[in-house]
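Me: I have a structure open and would like to talk through a few spots in it. Can we start with the charged pairs and then move on?

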Amino acid sequence: MSVRLTTAQALVRFLAAQHTERDGVRRRLITGMWGIFGHGNVAGLGQALVEYADVMPYHQGRNEQAMVHAAVGHARQLNRLSAQAVTTSIGPGATNLVTGAALATINRLPVLLLPGDYFAAHPADPLLQQLEHPVEADVSVNDTLRPVSRYFDRITRPEALIASALQAMRVLTDPAETGAVTLALPQDVQAEAYDWPEEFFADRVWRVRRPAPDPAELAEAVRAIRAAERPLLVAGGGVHHSEAEAALRAFAEATGVPVASTQAGKGSLRHDHPADLGGIGHTGTAVADDLARTADLVIGVGTRYSDFTTASGTLFQHPEVRFLNLNITAFDAHKLAARTLVCDARTGLEELARALEGHRVDPAYEAEYRTGKERWEQVVEAAYRAGDPSAVPTQTQVLGALDAVVGETDVVINAAGSLPGDLHKLWRARSPRQYHLEYGYSCMGYEIPAAIGVQQAAPDTVVWALVGDGTYLMMPTEIVTAVQEGLPVNLVLVQNHGYASIGGLSESVGGERYGTAYRHRAADGTFTGAPLPVDLAANAASLGMEVLRAKTVAELRDALAAARASGRPTCVYVETDPAPTAPPAEAWWDVPVAETATREAAIGAREQYDRQVAARRRHL
């Protein structure tokens, strides 16, 4: 039996019938589709979404990149077990997907991209917005999505969709291979009818595997842990994706091995767990980085070991340090010449705990890191503390005020600027999903659309997007989407009149903060004078948000509490004291400095750089 439908209609019906299953729990795989319509998808997928509105929810976006960010936030909140699709027109609508696709793939988060494409039949050539290539007629702008997609195909015939759609679902649901998946859809093929086999639309379940460790690898890992005197576990995002938080807690409590976390892994243990040391690396805590320097065994669980985590190869300094990596992706497990446990994070931790029964670290080591944890908590308290409630708050006092307001299951979202470093050092994560930092790509503009995606995934959860003025100016447009869909996301808009993070980095590497402040430009190219007369709070209000302005610490506390209780999209706007109040970096980050220069700032920065880079190690 067959059903005659257009390619676009068939795709929508197929997507509505896909499900995932893990641990016996079934979920819908594609929960909805984001779209901005233009030529290339309005007559194909646009019509199909109208045809099947009862089975495929549609969400209207304002910017194609932002739609991908919303879908990624949605997938992360749901532990990659559900995803969303994104459809665009051809041309600029499609190329606007590239940044979001890179973010999804780098962070190992699933999203299905459905950009329109040029006519497969070439009835006219060139078309509006077509990129012409003199020797490759099958190239389109959508080919820019190839390197940032985990799977890519251009569907030039209706029947070609059958195999490609199944491959797309395979990749989206593969815990080791997931990321952005792109099916480029020529606009004539979208509208073309075909007799589809009914089996294509049957309910299909994609089981998300929990592979167990190889017995030989497990035995070697157990020997390594038993032999270690100063083991340190680094929890990455894979702990969350696998829902391995309880297994990690049981492992830490049974063995006494301390746990530090990457940006993606923070919250794997509650902040007040005795074994939780907080963040590690360039933006890590003093206690975590001190232990990392002296660890003789580093147990990486679900981490990619980015340069922020390893302090650009300078952090792990024990002369005989070795690595044991538990990761579902062999590519990541083999990093740093490690012993490997290629398996699911939860399964691997459970089997390690069973095999290590009765083993525990030396009590003196446990006492050492617990004392360090207590000292760091005092640093956090000092950064959060506000002596004068009538004073202009610092950025860390903003975090302290928010810390006092959030509930156990609230979600706090951030991605770029100076806030990620402050949050990684200071934030007290109370639950596994509370700390939502996109730091694989650190993409400015992620926060507001991601908050929308999280709110869709968890309607009863209070969601906070922490945004600096630089990030806000990149992508405020999805505020309109939150208002349109009635999603009560809370925006904390921190105004410090410039790119604070890059300004500080510029100063440290000899760039003298050039081009990092929002100021009037003088004739010689320098930036002088008062801040620009820009009112971002008024802008947020014009896009439909309720805006609460806070000028003091006391007003900020009241505004945050009011926002949390408002039940509608609300912005808390606060101008901060720009003086840095966060604890300084506890480890280095490699940003190459000019090897030759005439200005003293650059000369001094290069001298400091040469001293730091000398500590880099190649772990072999």
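Me: Are Arg154 and Asp117 buried or exposed?

Reply: Arg154 is buried, and so is Asp117, where buried means under 20% relative accessible area, exposed over 50% and partly exposed in between, with a 1.4 Å probe and protein chains only. Before going further, note that this is a predicted model, in which local features need pLDDT of at least 70 and side-chain atom pairs count only at pLDDT 80 or more, while totals for chains, interfaces and linings use all residues. Residues are numbered from 1 along each chain as its sequence is written, and side-chain values use heavy atoms, with hydrogens and water left out.

Me: And what does Arg154 form with Asp117?

Reply: Arg154 forms a salt bridge with Asp117, with the closest N and O atoms 2.7 Å apart; the term means a side-chain nitrogen of Lys or Arg within 4 Å of a carboxyl oxygen of Asp or Glu. The pair links distant parts of the chain, Arg154 being in strand S8 and Asp117 in strand S7, 37 residues apart; strands (E, at least two residues) and helices (H or I, at least four) are DSSP runs, numbered from the N terminus.

Me: How many salt bridges does the structure hold?

Reply: The structure holds 37 salt bridges.

Me: Which side chain meets Glu377 in one?

Reply: The side chain of Arg428 does, at 2.5 Å from N to O. Glu377 lies in helix H15 and Arg428 in the loop between H17 and strand S19, so the pair ties together parts 51 residues apart in sequence. Glu377 counts as partly exposed because its relative accessibility is 32%, whereas Arg428, at 11%, counts as buried.

Me: Switching topic, what is the volume of the second largest pocket?

Reply: That pocket has a volume of about 240 Å³. On a 1 Å grid over the protein atoms alone, where a 1.4 Å probe is used, a pocket is an open set of points with protein on both sides within 12 Å along at least five of seven lines, and lining residues have an atom within 4 Å of a point.

Me: Which element gives the most to that lining?

Reply: H15 does, with four residues.

Me: Last one: what does Ser312 touch?

Reply: Not counting residues up to four places away in sequence, Ser312 touches Asp307, Trp588, Trp589, Asp590 and Arg616, contact meaning heavy atoms within 4.5 Å. Ser312 is buried, with a relative accessible area of 9%.

Notes
Grid points are joined across faces, edges and corners, and a volume is the space filled by probe spheres set on the points.
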